[in-house]
Amino acid sequence: MAEIQQSGDSGKGGKKRAKKMSTKIDMTPMVDLAFLLLTFFMLTTTFSKPTVMEVAMPVKPKPGEEQPPIKASNALTLLLGENNKLYYYDGLLDGTTKPELKLSNYGADGIRKVLLQHKSNPQLVVLIKPDDKAAYKNMVDILDEMNITETKKYALVDISKPDQELIKSSGL
Amino acid sequence: MPKVKPHRTSPSLDMTPMVDLAFLLVTFFMLTTKFAPEEAVVVDTPSSTSEIRLPESHVITIAVDKDKRVFFGVDDDAIKSDLLTQVGAKYGVSFTPSQIQAFKGVASSFGTPIEQLPALLNLDSEQRKNVKQTGIPADSVNNQFIEWVQTAQALSRKSAYGKPAYVAIKGDGNADVPTVKRVIKLMQDKNINRFNLITDLETKPVAGK
């Protein structure tokens, strides 16, 4: 298909002309190749980098260093149970007091409302205790709720035996 | 009467601008492309509303899948060979130059105890995909995982970046919390306290409704 025209040497005894080449080149194969490469690179490119949630864990306390205890009136404890269940209670659990356990969920009407209600207390500390059977997704969800409600003070804490028993005895 | 000839337009059109554009795009994509690293494990990350992006490079990825397996990955090409020989030396496993070369392709995500790593590296990349990796041992008895993390962090401090790498934890939505927490705990013991949890993007709901 290359359009290279040759001017025929027709004249007998005519002037010898320089061969004139057409300047047009057929670009179709080149375009084919270019688009092939273009498609290849477009499809292999990793477009979106995944997003991340930053979590800073507390620095290990040095031996002999006492952590200041949290006042029960400022504490809100969230318990992440199995099967995507979420429980919470106000205050702390200790030998003498038995707080009332309430059931909530990860939806917009669930724990978010509770957190927003508690935000009136500027000293609020949220204790997040994921149960061993909770899914990692729940943990991420609840950390995300902290970001959404702009709760600044929260901590990931190991669940304790009394907490697990509280869930069991409540029957929720 | 002569036949009326229909006016014929030439079917060839000028493709130059299109070609210009095509090559411009080819060049752009060629220069910006970074091939997606091969993942040894499929991890379905949960979603969050966080909009912080994972840094382009200088990341240590720790993947936890739903079968409690722990996978480790580094993306810095410069430290990969040193990392392998140093961790290998600690466990008395030595590697041939061809195995070290193969490690550069594997290092973005792998989950094999170091004793089985030479066997994995001897396979070609097609066979490697079929191997079911058991995960890196990460418990108090056999803690190879923290060795990888610590060695990688020490090497990246010495590398061109001059600072430890970002630690990204890529957990499956159905992974169990104890495994993730154990991994975090192990790193906290070594004074690594900042983590990035890899998530998918989700639109942010309006708080305060």
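Here are a few questions and answers about this predicted model.

Me: Where in chain A do I find A:P99, in terms of strands and loops?
Reply: Look for β3, which covers 86–90, and then β4, which covers 102–104. A:P99 sits between those two strands of chain A. That puts A:P99 in the β3–β4 loop.

Me: Is A:P99 buried, exposed or partly exposed?
Reply: Count the C-beta neighbours inside 10 Å and you get 16 for A:P99. Being buried takes 20 or more, while being exposed takes 12 or fewer. Since 16 falls in between, A:P99 is partly exposed.

Me: Leaving aside neighbours within four places in sequence, which residues is A:P99 in contact with?
Reply: We skip the residues within four places of A:P99 in sequence. What remains is a list from chain A: A:Y89, A:D90, A:G91 and A:L93.

Me: Which element gives the most to the side of chain B that touches chain A?
Reply: On this side, 48 residues of chain B are in contact with 39 residues of chain A. The elements giving two or more residues are α1, β2, β5, α7 and β6 of chain B. With nine residues, the top contributor is α1(B).

Me: How many residues on that side of chain B are nonpolar, polar and charged?
Reply: Sort the chain B residues on the side touching chain A by class. Eight are charged and 14 are polar. The nonpolar ones number 26.

Me: Which residue stands opposite A:V52?
Reply: Strand β1 of chain A, residues 51–56, is joined to β2(B) by two bridges. These strands run antiparallel. In β2(B), the residue opposite A:V52 is B:I52.

Conventions
Residues numbered from 1 in each chain as written. Chains lettered and ligands numbered in written order. Predicted model: local features only at pLDDT ≥ 70, side-chain atom pairs only at ≥ 80, totals over all residues. Helix = DSSP H or I, 4+ residues; strand = E, 2+ residues; numbered from the N terminus. Contact = placed C-beta atoms within 7 Å. Nonpolar A, V, L, I, M, F, W, Y, C, P; charged D, E, K, R; others polar. Pairing = 2+ DSSP bridges.
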